[in-house]
Every structure is written in C-alpha cells, then in structure tokens.
Amino acid sequence: MKIEQTPLPGVIIITPARLGDHRGFFSESYSAKVLAEHGITTQFVQDNHSLSMTRGTIRGLHFQAPPHAQDKLVRCGRGALFDVAVDIRRGSPTYGQWFGVELSFENGKQLLVPAGFAHGFVTHAPETEIIYKCSDYYAQETEGAVAWDDPAVGIDWGLGDMTPVLSDKDANAPSLADLNSPFTFEGV
C-alpha cells in the first residue's frame with residue numbers, strides 16, 4: 001500500500017497495490033494490519049455505497065458532529081470522482097482550507113478523511129459509485145454541512161460550464177462563516 005501525506009495533516013491518500021494479469025486484477029483494498037503499520041489505527045464500523053447517475057453530481061460538504069463524528073475512508077467503485085476534504089476544526093492552522101484528489105476505478109486511490117473535516121465529491125463520469133468506510137454509525141441528529149460553493153473556501157470543482165446536480169440539503173447548506181463548528185483543533 002502506498003501512503004501519501006497531503007497539505008492537510010491527517011488527510012491521507014492511500015493507494016492499494018493491484019496485482020494484474022490477462023484476467024484483470026486483485027487488490028486488497030483494506031487491511032487494518034497494514035494501515036496500523038503506517039500509524040493509521042481507525043476502527044471502521046459501517047460501509048456506505050452510493051451511486052450518482054449523472055456527471056457533475058455534487059454530494060457534500062458533509063460531516064457528523066461529536067459524539068458521532070466520523071473518520072471516512074473513501075474510494076471509487078466505478079467511474080471517477082473528485083473527492084474533497086475541508087478543515088472545519090476551530091483554531092486549526094489549516095481551518096477553511098481544502099484538499100482534493102481524483103478517485104477512480106482506474107487509479108484505485110482512496111482518501112482518508114478524519115473527523116473534523118467536511119467531506120464532499122463531484123462525479124466526473126456517469127454512473128459513478130462511491131464506497132466508504134465510517135468510524136461511527138450514521139446519526140441523523142448530528143448531521144451538518146457546509147456550502148459546496150462557499151467562496152471563502154474556494155473549491156475548484158472542475159465543473160466548467162456544467163450546472164451541478166444537487167440535493168436540496170446541499171443547495172441550502174450554510175457558509176463556513178455561518179457554521180458554529182463542533183470541532184476544535186487539538187494539535188497534530
């Protein structure tokens with residue numbers, strides 16, 4: 001497994017090895033043992049899988065507040081997406097900064113998004129599937145969101161002239177300035 005640090009401490013790109021031949025490939029997409037050897041000891045309790053039918057679908061920027069905050073390990077099962085993490089930890093030196101990476105079926109990359117970061121993605125291909133592990137169970141009462149298009153955050157979603165496909169929840173999410181973040185930076 002290849003482990004890459006990003007400019008946002010704690011947000012990590014993980015690329016599992018693929019063993020291929022004329023039949024296709026095999027990949028161990030998750031190994032608690034291998035990740036622990038790299039200092040990643042998150043215990044995941046739930047897997048989520050979603051399908052976005054249309055290119056340009058944006059989901060996010062979402063988080064769950066404590067006591068049900070979630071670390072997420074995100075990968076693309078089919079298609080391609082641009083996956084984004086935004087630091088929403090009050091007092092963090094990288095507060096409001098974002099990092100994004102292309103996740104696709106072809107590249108096999110995964111993104112570890114720790115609690116304290118809002119998470120979202122935009123699909124770059126029709127019928128894109130996202131699969132992600134969560135370190136806590138879904139708890140609707142702790143859901144939160146930040147506006148995907150907040151100019152103070154300034155994410156370049158790569159949409160060009162395309163109109164994004166959004167849920168009502170995502171279209172009406174508050175700006176980062178209006179968020180009373182439940183997360184506080186505790187040092188790295």
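Hi everyone, thanks for coming. One thing before we start: what we have on screen is a predicted model.

Let me begin with the empty space inside. Rolling a probe the size of a water molecule over the atoms shows where empty space is left. Here, that gives 2 cavities of 30 Å³ or more.

The largest cavity first. It holds about 50 Å³ of space. If you want to find it on your own screen, look for His62, Phe63 and Gln64, which are among its lining residues. By residue type, the lining divides into 6 nonpolar, 4 polar and 1 charged.

So much for the residues; now for the strands. Which strands each supply at least two residues of that lining? They are S6, residues 58-64, and S12, residues 117-123. S6 gives the most, with 3 residues.

Now the second largest cavity, where about 40 Å³ of space lies. Ser29 and Tyr30 line this one, together with Leu73, Arg75, Gln110, Ile131, Tyr132 and Lys133. Two strands give two or more residues each to this lining: S7, which covers 72-78, and S13, which covers 128-134. The biggest share comes from S13, with 3 residues. The lining here divides into 4 nonpolar, 2 polar and 2 charged.

Let's go back to S6 and S12, as both turn up again in a sheet. Strands of a sheet pair through backbone hydrogen bonds, either parallel or antiparallel. In our case the sheet is open, has 5 strands, and the pairing is antiparallel. Reading across, the order is S10-S8-S12-S6-S14. Which strands are at the edges? Those are S10, residues 98-104, and S14, residues 143-145, and each of them pairs on one side only. From one strand to the next, the twist averages 25°.

S8, residues 80-87, runs antiparallel to S12, and the two pair over 7 bridges. Within that pair, Ala85 stands opposite His119 of S12.

Notes. Residues numbered from 1 in each chain as written. Predicted model: local features only at pLDDT ≥ 70, side-chain atom pairs only at ≥ 80, totals over all residues. Heavy atoms only, no water. 1 Å grid on protein atoms, 1.4 Å probe; cavity = no way out; pocket = protein on both sides within 12 Å on 5 of 7 lines; lining within 4 Å. Points joined across faces, edges and corners; volume = space filled by probe spheres on them. Helix = DSSP H or I, 4+ residues; strand = E, 2+ residues; numbered from the N terminus. Nonpolar A, V, L, I, M, F, W, Y, C, P; charged D, E, K, R; others polar. Pairing = 2+ DSSP bridges. Axes fitted to C-alpha atoms, helices over the stretch in contact; angles between N-to-C directions.
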